[in-house]
Amino acid sequence: MHDILSLLAQYGGWLVFFNVLTEQAGLPVPAYPLLVAAGAMSAGPGGWLLAWLLAALACVLADTAWYLAGRRYGGRLLGLVCKLSLSRDSCIRQTQGLYLRVGPRSLLVSKFLPGAGALATIMAGLTGTPYRRFLGYQLAGSLLWAGSALLLGALFRGIVTDILDALDRYGVMGLALLAGLLALYLAVKALRRMILVRSLRVVPRLSLEELLRWQADGRPMVMIDVRPEGQREAQRIPGAIAVDVRAPLETLRLPEASIVVYCACPNEISAARLAARLRAAGFVDTWALAGGYEAWLRREQTGTGLAADNAGR
């Protein structure tokens, strides 16, 4: 049976390729540690170059698939990735906002942000970024990301090889330790997300049907849009005001009215966060819109908006 060091020495480049391809495809299998190890174990510039190019190739293959899927399935795929991601929802929201502000240049750094690589790539397809432009920034970002890991491994070769030697001495136990650490990492991230979602369930949700009834009845109401800057500038629910979810409450100057907050993230996380802050500050008639902006958009696209509701009464 090959030990860890033998595997890295003989198949380091291909291990890097398949590890990076797996991670970039969306599975929670970190590739950066293996890239660092490959940088420490590669025998000279030729080995580093092979690992670097194979890592970049894996990124290009996976990201091209995400890009094409983003063009075809758009917002539905984006929502699915957000729901499945173990990364913090604030990171998801920041990634979307970053792409909408700076465009494909965000691909230069997206792989350094947890859970942001696939999201930024989908955004490129969703927003119609030309493939050549996307590929240029994507390739540059992939080379920067993989090159930084290989460089770290080369610079700290002694420390990395000492760690690998220690793992190698324990054989199967060493591999089991790595698997255990990975499982612990995933469990902690999943637990943190679960705690966050549950802590915000106490914020009441308002269905789209109830919102439309309130509007039809002329109920005094303030709509607040907390989506990323680029999204809320493009289109929003009529009458809504754009607010940063982290904005100081004293700057909002809200009137005496029902407050409905909406976003475009899983479980209405961003909307529920601001709604919880407002309720704690005394605005008890505050709600998060169930389904967020996507629920409104689906209703608009099916032609069953408020006018149709009123006509059917």
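In the predicted model, Leu155 is exposed, with a relative accessible area of 60%. The residue lies in helix H7. Leu155 belongs to a nonpolar surface patch, together with Leu151, Leu152, Phe156, Ile159 and Ile163. The accessible area of this patch is about 600 Å² in total. Two elements, helix H7 (131-155) and helix H8 (157-169), each give two or more residues to the patch. The largest contribution comes from H7, with 3 residues.

The salt bridges number 6. One of them pairs Lys111 with Asp63, with 2.7 Å between the closest N and O atoms. This pair links distant parts of the chain, 48 residues apart. Lys111 sits in the loop between helix H5 (89-102) and helix H6 (117-126), whereas Asp63 sits in helix H3 (residues 44-73). Both partners are buried. Lys111 has a relative accessibility of 12%, and Asp63 has 1%.

A salt bridge also joins the side chains of Arg299 and Glu209, at 3.9 Å from N to O. Arg299 is part of helix H13 (residues 292-301) and Glu209 is part of helix H10 (residues 208-216), so the bridge ties together parts 90 residues apart in sequence. Arg299 is buried, at 14% relative accessible area. Glu209 is partly exposed, at 42%.

Asp244 and Arg246 form a further salt bridge, with the closest N and O atoms 3.4 Å apart. Here Asp244 is partly exposed, with a relative accessible area of 31%. Arg246 counts as exposed, because its relative accessibility of 55% lies over the 50% cut-off.

Methods: Residues numbered from 1 in each chain as written. Predicted model: local features only at pLDDT ≥ 70, side-chain atom pairs only at ≥ 80, totals over all residues. Heavy atoms only, no water. Patch = residues over 30% accessible without salt bridge, like charges linked within 9 Å, V, L, I, M, F, W, Y side chains within 5 Å. Areas by Shrake-Rupley, 256 points an atom, 1.4 Å probe, with all protein chains shown as cover. Salt bridge = Lys/Arg side-chain N within 4 Å of Asp/Glu carboxyl O. Helix = DSSP H or I, 4+ residues; strand = E, 2+ residues; numbered from the N terminus. Buried < 20%, exposed > 50% of the residue type's maximum accessible area, 1.4 Å probe, protein only.
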